[in-house]
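Please look through the sequence and the model first, and then follow the points below, which are grouped by topic.

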Amino acid sequence: MLTETTDVQSELPPLVAQFASSPQGARLARQLAVRHLEEWGYPPASDASCAVALVVAELAANAVLHGRVPGHDFRLRVALDTAAGLVRVEVADAASVKRPPAIAPSSVPEGESGRGLLLVDTLAVRWGSVPRHPLGKTVWADIPVGM
């Protein structure tokens, strides 16, 4: 797992947007990511778009549930690395002390939650988190999209 974010190489501009730290903000982040991927040539029903949508939904939901700091929004960045065939998803929130575990936790089959990072771990080739200055953290994931 990488410990820092990296710039991706693409001639296409990344999606960068800020959302209210609410369930509606998380839903809007996922919808905007799907629309942006469609602009890059990945239709909403494609495997690539669905994988990115799931990862954005999970990381945004985690930012809202576990990273919410009153008065602070969360930030989404989605960038296409055409050379590597990857989409980098980054979700930044204001909670510095609540960092995700280094590896995806195992899930109890009967549990009602706890599968999100397991899903991210399955869909991404690598993921991690880094401190965000001056406040918070950024959780990122690299999703293979093929070219």
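Arginine 77 has a relative accessibility of 15% in this predicted model, and because the limit for a buried residue is under 20%, arginine 77 counts as buried. Its salt-bridge partner is glutamate 90, with the closest N and O atoms 3.7 Å apart. The pair links distant parts of the chain, since arginine 77 belongs to strand β2 and glutamate 90 to strand β3, 13 residues apart. Glutamate 90 is also counted as buried, at 6% relative accessibility.

**Salt bridges**

- The structure holds 5 salt bridges, and side chains of opposite charge can pair in this way when their charged atoms come close.
- Aspartate 142 forms a salt bridge with arginine 88, where the closest N and O atoms are 2.4 Å apart.
- That pair links distant parts of the chain, with aspartate 142 in strand β5 and arginine 88 in strand β3, 54 residues apart, and both aspartate 142 and arginine 88 are buried.
- Arg77, Arg88, Glu90, Arg126 and Asp142 are linked in a network of salt bridges.

**The pair of lysine 137 and aspartate 93**

- Lysine 137 forms a salt bridge with aspartate 93, and the closest N and O atoms of this pair are 2.7 Å apart.
- Lysine 137 lies in strand β5 and aspartate 93 in strand β3, so the pair ties together parts that are 44 residues apart in sequence.
- Lysine 137 is buried, with a relative accessible area of 4%, and aspartate 93 counts as buried at 4% relative accessibility.

**The largest nonpolar core**

- The largest nonpolar core has 33 residues, of which Leu59, Leu76, Val78 and Val89 touch the most other members.
- The elements that give two or more residues to this core are the helices and strands β1 (15-19), α1 (23-39), α2 (47-66), β2 (74-81), β3 (86-93), α3 (116-123) and β5 (137-144).
- The largest share of the core comes from α2, which gives 9 residues.

**Contacts of leucine 76**

- Which residues does leucine 76 touch, not counting residues up to four places away in sequence?
- Leucine 76 touches Leu15, Val16, Ala17, Phe19, Ala29, Val56, Val89, Glu90 and Val91.
- Among these contacts, Val89 is named with Leu76 as one of the core residues that touch the most other members, whereas Glu90 is the salt-bridge partner of arginine 77.

Terms used: Residues numbered from 1 in each chain as written. Predicted model: local features only at pLDDT ≥ 70, side-chain atom pairs only at ≥ 80, totals over all residues. Heavy atoms only, no water. Core = buried A, V, L, I, M, F, W, Y, C linked by side-chain atoms within 4.5 Å. Buried < 20%, exposed > 50% of the residue type's maximum accessible area, 1.4 Å probe, protein only. Helix = DSSP H or I, 4+ residues; strand = E, 2+ residues; numbered from the N terminus. Contact = heavy atoms within 4.5 Å. Salt bridge = Lys/Arg side-chain N within 4 Å of Asp/Glu carboxyl O.
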